[in-house]
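Please keep the sequence and the structure at hand while reading.

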Amino acid sequence: MIAMTLAEIATAVDGELIPGAQATDVADQGDLVVDGTVETDSRLVTPGSVFFALPGEVTDGRRFVPAATEAGAALVITPERVETTAPQIVVADGYDALAALAHEVVTRVRMATADRVDADGRPAPLKVVGITGSNGKTSTKNMLRTILEQHGETVAPQGSFNNHVGAPISMLRITEDTRYLVVEMGASGIGHIAKLVAIAEPDVGVVLKVGLAHAGEFGGIEATQRAKSEMVTDLPGSATALLNVDDDRVASMRDLTAAHVVGFGTSDDADYRITGIETDRNGTRFTLTAPPVRQEGDPSADGRPGGTDRVDVQLAILGEHHAMNASAALTVAHLWGVPLAAGAAALASMTRAERWRMELLPGGPDGVTVINDAYNASPDSTAAALRTLAQIVRPGERTVAVLGEMAELGEFSTEEHDRIGRLVVRLGIGQLVVVGRGAMPIHQAATLEGSWDGESVFIEDVDDAVHSLQDMLRPGDVVLVKSSKSAELRFLGDRLGGVTE
């Protein structure tokens, strides 16, 4: 975090500063400067850290204040006064205080870098991008980080650190040296993304897709669309809304924002147009063409070179759906002055989008290829993964789909699992292994679709599934493992693929 005094932090979070054991009064510590990491997990606290003692569903952060203090926390922020030798700030709500501090830090860094220029004398203030969508947020964030870090200090969250705690924590990692802040914005209900947008105030807001991921929490596809649209509804006219125009629900958001709208996708309406998508065992290839540079003063033309820019992109990452994620990342960087060719070169260096996301594992049984894509699963992402499996198989090879539950679908669960089972048959997948009771409708639908006899197997236990697959697999098999994180098939995929980490 940037350096701030305890008094400044107390003002930012609207809290009461209580001196630590070494102070005689508030004034004695108000000028104390803190610039350590901000943590909500006492196990991550290091000397100088700020520890937020947040209440949780399972435990209460206040229980771990002694551990945080012993680890060297310079400040504790808590919704209720606690026993500690460290100074503490008591706030009305810990989560609101975390958001307020993140907003203050982003605002201060924006002000501190407003007149900054790069080595070529071009403006180089802090730039902030927010990314949301039912699928692809983490992959797009990782791709964008890979591109931007070649051109300046870039802060982006690790993993899927995208909720009301994770996103502010990521924002608090920036300093006055940070050039780019990439914020992944997830949600499980209406209003969640709006709060994150209000904290970060993105220069570019990206919406990738509206699908049925977390539909059970949102209450349906219309509510999901409304929640995702919060990314762009509050953007000012000086910002850019980057929309996937291949998705009608996303494209319709152009009417909800005052920001300048830029579209990307395969559609003829796309400003940044994707053509020639191909995918095989070696990865994904496509061409991205940018529009001619717009008039001076257009926010989307910030620093971008003139003329039409076009590049052939080669990803080592499997799946044609990653062409959309990569194009979103390339477009944001291009809008900020990075040539498409430079962005594509950076992406070519990526060997995977993220752990357990269409990850090609090298250590499977002899002659068996394992693709582990079992960190998240929604109807859209599962269908995309299955289509990729069908596309990359070579003559003489057998496709094997190992599928677990797609979680958080609520009332749509049975219908959507059923749809996936029927898709498996229609794609000509050679063998289906369904793992876990929550995924049972996939197996039931597959056995009813056509005249399958033994091509679908249901196994309730993950360990049993591993042993059955080890007996079932044969040289030449290409195996896709796909499920939500809660089904824990990612570990099954690792075991099949010989990963021991």
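In helix 15 (residues 440–448), the residues Met 440, Pro 441, Ile 442, His 443, Ala 445 and Ala 446 are buried, where buried means under 20% relative accessible area, exposed over 50% and partly exposed in between, computed with a 1.4 Å probe on protein chains only. Helices (H or I, at least four residues) and strands (E, at least two) are DSSP runs, numbered from the N terminus. This is a predicted model, in which local features need pLDDT of at least 70 and side-chain atom pairs count only at pLDDT 80 or more, while totals for chains, interfaces and linings use all residues. Residues are numbered from 1 along each chain as its sequence is written, and side-chain values use heavy atoms, with hydrogens and water left out.

The buried residues of helix 15 pack against strand 19 (398–403), helix 14 (413–426), strand 20 (431–435) and strand 21 (456–459), contact meaning heavy atoms within 4.5 Å. After helix 15 comes Gly 450, whose phi is positive, near 80°.

Helix 14 and helix 15 pack at an angle of about 45°, with their axes 7 Å apart; axes are lines fitted to C-alpha atoms, for helices over the stretch in contact, and angles run from 0 to 180 degrees between N-to-C directions. That angle makes helix 14 oblique to helix 15, since angles under 35 degrees count as roughly parallel, over 145 as roughly antiparallel, 65 to 115 as roughly perpendicular and the rest as oblique. The contact involves Thr 414, His 417, Asp 418, Ile 420, Gly 421, Arg 422 and Val 425 of helix 14, together with Pro 441, Ile 442, Ala 445 and Ala 446 of helix 15.

An open sheet of five strands has the order 2-7-6-5-4, with mixed pairing; two strands pair if DSSP finds at least two bridges between them. Strand 2 (16–18) and strand 4 (38–39) stand at the edges, each with a single partner strand, so one side of each is left without a neighbour in the sheet. Within strand 6 (residues 75–78), Leu 75 and Ile 77 point one way and Val 76 and Thr 78 the other way, and all are buried. In a regular strand the side chains alternate between the two faces of the sheet.

| Strands | Sense | Bridges | Residue pair |
|---|---|---|---|
| Strand 5 (residues 50–52) and strand 6 | parallel | three | Phe 52 and Ile 77 |
| Strand 6 and strand 7 (residues 88–90) | parallel | three | Thr 78 and Val 90 |
| Strand 2 and strand 7 | antiparallel | three | Leu 17 and Ile 89 |

Helix 4 (residues 94–113) lies across strand 4, strand 5 and strand 6, running at about 140° to strand 5.

Nine strands form another open sheet, in the order 9-10-8-11-12-13-14-15-16, and its pairing is mixed. Its edge strands are strand 9 (154–155) and strand 16 (310–315), each of which pairs on one side only. Strand 12 (residues 240–244) runs parallel to strand 13 (residues 260–265), the two being joined by five bridges, and the bridge partner of Asn 244 in strand 13 is Phe 264.

Arg 474 is found in the loop between helix 16 (462–472) and strand 22 (477–482), and is partly exposed, with a relative accessible area of 45%. Leaving aside its neighbours within four places in sequence, Arg 474 is in contact with Gly 367, Val 368 and Arg 398.
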